[in-house]
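Visitor: Hi, I'm new to this one. Could you walk me through it once it's on screen?

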Amino acid sequence: MAAQEATEFVAFSNARMFNYVVSKEDVCQKLVGRILGIEVDRIEFEAEEHSIQPGLQGHGVRLDVYARGGGKSFDVEMQAQTEFYIGCRLRYYQSVIDYDLLRKRMEYGDLPFSYIIFLCVNDPLGSGLPVYTVAPQCEEMPECHLEMRCKWLVLNGSAWAQEEDEGLRALLKYIESGIVTEGDELVKQIDRLVLEANNDERVKGEMISVSTVEENAERRVRMAKKFYREEGLEEGRAEGRAQETARITALVSRLVADGREGDLVLLEDPEKLRLLLSEYSL
């Protein structure tokens, strides 16, 4: 896909592009069905970039694609950069989704089956698997069935070649490299929508204008290094630098989750960065 070589080409792995493409009901339906290996008869969107705020003091989240169908709920997230706390993030997303699903006067048994799917460009867990499936189980007796009606899937685009399922392999390959596998109609449809969006200056301009540090790991690292220089940490221990990187990564995620993308530019100012870290107790 030669167009990807353009400097400002917005790839499918960009969160805004992902939202744009997967907000098409038929694409979302096919995508979820392929990942889960199930028939999805119908998809109904709760909202594009659905926000959930669990109480006045709770930490809100903004879900990329949140849909329901066949008595199940589906949250699908694109993760282009490394997420240091993906396990904690999955845990919290499940809690706020359940908060959203279980209304007043409903019983616990009314909770539908819920899937959280993270599509990652890189390997977030470091074990080289193309798919990590996480479901609760009893440690003492794994065969004991605990009906919690939830499952988490973390997909690793960088290990696409290791995936045995042909359709899922083609999808992971496209997420990681933007290469369309010949004969794969879903990936071809996704790529066509990506190209159409890139050829529409208005649509692409909106995507680029709201591009954030959350979608740009290299810029995040540059900001962290700038912070080290300001604080005299460049000569410090690697362990200390890693801790500061984790703090800034957590701060970026919190700002984006709270809808404060505009404040991301403040991270390049050491004093404002310190104030934001203090504000979020990081």
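Visitor: Which residues have the most contacts inside the largest nonpolar core?
Guide: Phe12, Phe18, Ile35, Leu119 and Ile190 do, within a core of 40 residues. A nonpolar core here is a set of buried Ala, Val, Leu, Ile, Met, Phe, Trp, Tyr and Cys residues joined through side-chain atoms within 4.5 Å, where buried means under 20% relative accessible area, exposed over 50%, and partly exposed in between, with a 1.4 Å probe and protein chains only. This is a predicted model, in which local features need pLDDT of at least 70 and side-chain atom pairs count only at pLDDT 80 or more, while totals for chains, interfaces and linings use all residues. Residues are numbered from 1 along each chain as its sequence is written, and side-chain values use heavy atoms, with hydrogens and water left out.

Visitor: And what does Phe12 touch?
Guide: Leaving out residues up to four places away in sequence, Phe12 touches Met17, Phe18, Val21, Val22, Met78, Tyr174, Ile175, Ile190 and Val194, contact meaning heavy atoms within 4.5 Å. Another core, of 14 residues, lies apart from the largest one and has Tyr66, Ile97, Tyr132 and Val154 among its members.

Visitor: Switching to helix H4, which of its residues are buried?
Guide: The buried ones are Gly167, Leu168, Ala170, Leu171, Leu172, Lys173, Tyr174 and Ile175. Helices (H or I, at least four residues) and strands (E, at least two) are DSSP runs, numbered from the N terminus.

Visitor: What covers them?
Guide: The cover includes helix H2 (25-36) and H5, together with strands E3 (72-79), E4 (113-120), E5 (131-134) and E6 (150-156).

Visitor: Is Gln189 buried or exposed?
Guide: Gln189, which lies in helix H5 (residues 185-199), counts as buried because its relative accessibility is 12%. Beyond its neighbours within four places in sequence, Gln189 is in contact with Asp26, Val27 and Lys30.

Visitor: What about Asn14, where is that?
Guide: Asn14 sits in the segment before helix H1 (15-22), and it counts as buried because its relative accessibility is 16%.
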